[in-house]
Amino acid sequence: MKKLLSTGILIMFIASAFAQHNCQIVHEWGTFTTLSTSEGDLLSGLHWEEEELPSFVYHHVYDSFAPPSAYYSKGFQFTTRIWNVTVKMETPVLYFYSEAAAPQPVNVRVDFPRGSISEWFPQRSKGEFKHYQKTIDFADDFKGWIEWDALVLPPNTEETMTYGDAYEKPIWDAPRATKANLVKGPDGNVEKYLFYRGIGNFEIPVKLEFNIEGNLVITNEGTEVIPYLLVYEKKNNESRVYWTGKLDGKKYHVVYYDEIHSSPYNVQNEMTAFHAALVKAGLYADEAAAMLDTWQSSYFEKDGLKVFWILPDELTNQLLPIQITPQPCELERVLVGRSEILTPAFEEKIKSGNYPGPSDRFYSAYWQRANQLSENPDQQWSTTLENMYENLSLFPNPTTHEITATVNIPPGSIEINIRNLLGQQVATHFFESEKSNFSTTFSLAGLSNGIYMVEVRAGEKIWQRKVVKQ
């Protein structure tokens, strides 16, 4: 009897060791972006690309090798009118770690109950339907999801990543700098991670607003502790960190904000502390470094006042429920909110129309805020964002040479400006119209292929729409 018992224990030990050897560890990191007014209200219009992805990334417009994503709005056709996007879900990546000697199958499903997963790589096995509607309103009950049947390749695999240096972009290459296994998607593409991102509309527990003294008030409206926050500003080529700390549920913290006189913390030391906080939240050190490196240019080098905060685990799982089969022996998910806020001084600028041009990542949100602040909306901001698009038509679009612009405007002098993605004016045309239904055809000859913003001005009124020259 003792011999049988010993044999059983040995078998269980061997089985346990084998299971541990083949057990997968899964780590995930990602961020999302919001923008609020100085009074704490979230602005919409956050559906434009901020960082262009490599052309091989899949999205709602194409299922195969596609043009660069800058031609689209977070994976949607740029001619689709998208409303009420208050959140940009930025680059969640899933890493897999396994010591198994053979490829290990894994099924991953991620749901996005209040948004759309509109860009991904490798190719998905299943997912939400493609969105070809003329108009999509994210204030409606929107439910996105994605599913992969993939293979986690062994550490000694001879396979390599499908796309290398010729296709790399900083935000794609930086997340590769980890010791994670390679993953093969159902399309046969091999990468260091499973990637997805999208857009949505949901409430967040962190509220930012300026009080009457001009200081920033951060409120945790949720019940869970926010373990780490960092208040950061980039302005006039100078970086500042105003405060770091944690915030208990239903508590607030006042940050002394004086963009002229306040002394910044040692920014480099605070970035080191940010890295440590990500590790404490569950990431490996190289994963945390990859996360910070990924957003160096688009987050830390872009002007603006922003608060970075690590989401509580329960909130992460609520916003992005995940199912992994077989169940990993360890799953760590670290999601970081990037909550930007308009300062009262900046709002004064956009009130008068003095703000970055159409290439700015928050251009649509600026339009919305300008209308809210305008004392005489019938004079300068008479065209709402919706009418700005609805009233101007461009045909054909895309175009190879000429384009016809049609818009309902009062008779008089009309100016048409063409701007590139950097907001630089590359062409101007002047017209006189005697009719309210103005239409004219002009040439795009001499311009390189790409995406441009056509801006029609009539007095104080402005209409704008993107056009693709190919």
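I looked up the lining of the second largest cavity: eight residues are nonpolar, one is polar and none is charged. (Nonpolar covers Ala, Val, Leu, Ile, Met, Phe, Trp, Tyr, Cys and Pro; charged covers Asp, Glu, Lys and Arg; the others, Gly among them, are polar.) I noted that this is a predicted model, where local features need pLDDT of at least 70, side-chain atom pairs need 80 or more, and totals for chains, interfaces and linings use all residues. Residues are numbered from 1 along each chain as its sequence is written, and side-chain values use heavy atoms, leaving out hydrogens and water.

Next, I listed the cavity's lining: Thr-31, Phe-274, Met-291, Leu-292, Trp-295, Tyr-299, Phe-300, Phe-308 and Val-336. Helix H4 (285–294) and helix H5 (296–300) each give two or more of these residues. (A cavity is a set of points on a 1 Å grid over the protein atoms alone where a 1.4 Å probe fits but cannot get out; lining residues have an atom within 4 Å of a point.)

Then I turned to salt bridges. (Here a side-chain nitrogen of Lys or Arg is within 4 Å of a carboxyl oxygen of Asp or Glu.) I found 20 of them. Arg-197 pairs with Glu-90, with the closest N and O atoms 3.8 Å apart. Arg-197 is in strand S14 and Glu-90 in strand S6, so the bridge ties together parts 107 residues apart in sequence. (Helices, H or I of at least four residues, and strands, E of at least two, are DSSP runs numbered from the N terminus.) Both residues, Arg-197 and Glu-90, are buried. (Buried is under 20% relative accessible area, exposed over 50%, partly exposed in between, with a 1.4 Å probe and protein chains only.)

Methods: 1 Å grid on protein atoms, 1.4 Å probe; cavity = no way out; pocket = protein on both sides within 12 Å on 5 of 7 lines; lining within 4 Å.
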